[in-house]
Amino acid sequence: MRAKTLGYSPADLRGFREVQRLSYECAESVAARLQPGVTEREAARMQREWLRERGVRDWFHLPFAWFGDRTAFTGFKIPLQFFPTDRALEPGMAFVLDMAPIHQGFTSDIGYSGCLGPNPVHERLMSDLRAHRELILREVRERRPLREIYEDVDRLMARQGYANRHRAYPFGVIAHKVDRVSDRRWSPTVFGFGTNALRGLAKDALHGHREGWSPLWSPYRFSHHPPEPGLWAVEPHLGFRGTGAKFEEILVVTDSRDPEESAFWLDDDLPHVRRWQEQEEAQTA
Amino acid sequence: MKAHDGTTGGTTDPHPGPGPGPGPGTEADTGPGTEAETGTGPDSGARPPAPWADGRERWVRTGGIELCVVELGDPELPTVVLVHGYPDSKEVWSRVAARLKDRFHVVVYDVRGCGRSSAPKPLRGGFTLEKLTDDFLAVADAVSPDRPVHLVGHDWGSVQGWEFATVKRTEGRIASFTTMSGPSLDHFGHWIRRRLSRPTPRGAAQLLGQTARSWYVYALHTPVLPELLWKGPLGSSWPGVLERVEKVGGARSAAAAPEEAGYPPPSLPADAAHGAWLYRDNVRARLRRPRTDCYAHAPVQLITPTGDLFLSPRLYDELELWAPQLTRRTLPARHWVPRTRPDQLTDWIAEFATAAESRSPARAPAPARRYADRLSGRLVLVTGAGSGIGRATAFSFAEAGARVIAVDRDAEGAGRTADLARLIGAPAAWSETVDVSDEQAMEKLAVKVAEEYGVVDVLVNNAGIGVSGPFLDTSAADWKRTLDVNLWGVLHGCRLFGRQMAARGQGGHIVNLASAAAFQPSRELPAYATSKAAVLMLSECLRAELAEQEIGVSAICPGFVHTNITATTRFTGADEQEQRRRQRRASRLYGLRNYPPEKVADAVLRAVVRNQAVVPVTPEARGARLLSRFAPHALRALARARPRL
């Protein structure tokens, strides 16, 4: 049986943080180059090439890009619809870039939402995501069962007037575990997901099944357990009348008794967090 | 800029009447191009009759015809010219003009041969569209010499309007054109040609439909007979016909407001007899050889009454070809909308003219926004709008461009709904904190809404609570609470807002949220199902009663929808802990079913637009409705089942 401690050294956490930063840098760089007429396929390729140039060879999943009402997964029935299409970006359209590169064995999984020109609905969604980031951290520190936290997030979304769109992800997950992945020379992907990372996830699922937890944080019974120590890529996804917005970043969960230590966001210097801080400063000023 | 052969001039003769006026001889006195002075000068003394008591009457002379023109409102404001149809005179616009005059310089005139304007001599050949265009230009030059005018036409006024808006010589004189119930004869000619030259089953059906609707056009081509009929029995019975067939209320009764009087005017038989020449002079000529350059040079707003007995809505299917800047509006009403729906027309005319005035492209309904043509600018009140189906409904109406009043017990929820509604397209949205079961609070709300926002066009009685548990465990207090909210809440809404709608007399719609439990009995839901069955029957009765006021009533029966009703449902006969457990369990089950409230909201909008009576929404609700009609035994057997929560 694995030890229930975190199992990551500060150097490991630094590695995860660095690759998460790299991913957000990529997202910001690609987002800055988006212009009317760019298609989802092109945006996905831009992310892939940017990261490849910086040494990324393996993926948890290949980069995704969703434009317009596809940011809210409107009409999604089968998982193949997540893959980039020839939908072209138009002024005022919201977009989401979602990528999960593995760099030097460290996995990251991020989601970046933006819009091309002003889009008041999108602005509002982004501001309202803040409450979810705070709620999730608070309740994880309280060690509430993950399924109940999921339901609380759901309720908060309903109160805000939004639809839960992470429900559309495989297994309806709001988060999933990520881990170190050993460097291999051959790292194929299956349906967009890297086999090495999937192997890690499957291993976790097997362990979890024996020990009564799951690496997938879902609304189902198998998620009815307190937060499992490890790294969770958390991705609450709001949808409102054909516009969607999400963030995705890594939450570190440990089994420390100190609430502050028991769970914390891997990095607080991220675009969406900075945006909220700026808003707050503007309000107080 | 203008090339018309008529000259304008003014006289102060208050009673030239139809027939020989002062004659062309007086034209020399004023000379071409002289500005006309109004007929309400100090020496005239006479005030215009009946509905125009606060207007200024003047006479415009063109091509030997005296046109009776009335102006209302400040001449500095943008000018709106209202052109009447057949068989009518400018009095048909009295209601709309009275509502527009504070915001615009409103001008109405009697078309030649109608009302107090004089008729050409001879009549044959005197009513061609070219001559009507001369008349319009003369009036426009007299009332607004420097600025283009906003043109509004109904029926033949709109047929003329299309001519004005598509010929070269009026370019620059028309700022916008609002058309209702009157297609361009040229467009109509092309419409027929297309269907004859490339026949398809659908095209043939459309052609036959319009052919049948146009019976009166053929009748009017008969010589002499129409004139005799109008001057005889038809003329005297016309007000009654209008009231019975077209629901043009107040046609005979003397109404209180001044703008209500004088319609139809006493000159009707003569107007109608002269007007027959509109058809004889133009229809055959234009339909046989439609102009090919009939493109509109001004932004066009098309208002289509869906219940028009004379014109098929299909006539306008290809209108974008001819009018590139087209805004479509539809209206559930019959032909005489200036009489029956003045409020709605006023809103749309004012909005369109203002948009054209500011030279910003009119807020065109994006194609994705369904029902925007129908619901744009309407006032919608939704109860229980703080969450679930009510909130989703408010959002759907907001997306269609309606103004929304979100009512809920939960102030924060209602406020948030109003807030987001504004973000997604509602021109205005407000929130009100009211408990629908509180009679006094509802009365206060009705007064406040009428004073501050106006008469509600669509009322959605959505607020409701869930109660579950066996009958024998349901206390009197539980019953009272259930009926207070689920039934009395709806009753108060229908009573208070239904009365306002009926009093206004311009139609409207009431939507009551019943439930699939209204026809699916269940041992677990005696109180809830009883209250919802009452709502269903209430809606059916109300629908029958309000049909003659043209107020539609719909009952929506959603079924299992993923909202927070399960989290607040009261389970009778269970202690606190059990209560919470069952709420959680029910919420999870509904969550697994995951039928989104947005789909119910779509059903609500569809019910309003199509005026449906009872709408089961989810498949299980539709199945239960079917079974309740054909196999009630099966439902009774199902009712005995005891769901394990």
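Chain B consists of domain 1 (43-357) and domain 2 (372-558 + 600-639), with bounds that come from an automatic or database domain assignment. This is a predicted model, in which local features need pLDDT of at least 70, side-chain atom pairs count only at pLDDT 80 or more, and totals for chains, interfaces and linings use all residues. Residues are numbered from 1 along each chain as its sequence is written, while chains are lettered from A and ligands numbered from 1 in the order in which they are written.

Between the C-alpha centres of domain 1 of chain B and domain 2 of chain B there are 39 Å. Where these domains touch, domain 1 of chain B contributes 14 residues and domain 2 of chain B contributes 8 residues; two residues are in contact if their C-beta atoms, placed from the backbone, lie within 7 Å. On the side of domain 1 of chain B that touches domain 2 of chain B, β8 (326-331) and α12 (342-357) of chain B each supply at least two residues. Helices (H or I, at least four residues) and strands (E, at least two) are DSSP runs, numbered from the N terminus. The largest share of this side, 5 residues, belongs to α12(B). By type, the residues of this side of domain 1 of chain B comprise 3 nonpolar, 4 polar and 7 charged; Ala, Val, Leu, Ile, Met, Phe, Trp, Tyr, Cys and Pro count as nonpolar, Asp, Glu, Lys and Arg as charged, and the others, Gly among them, as polar.

Chain B also meets chain A, with 12 residues of chain B in contact with 9 residues of chain A. Here α14 (388-399) and α15 (411-423) of chain B each provide at least two residues of the side of chain B that touches chain A, and α15(B) gives the most, with 4 residues. This side of chain B divides into 5 nonpolar, 4 polar and 3 charged residues.
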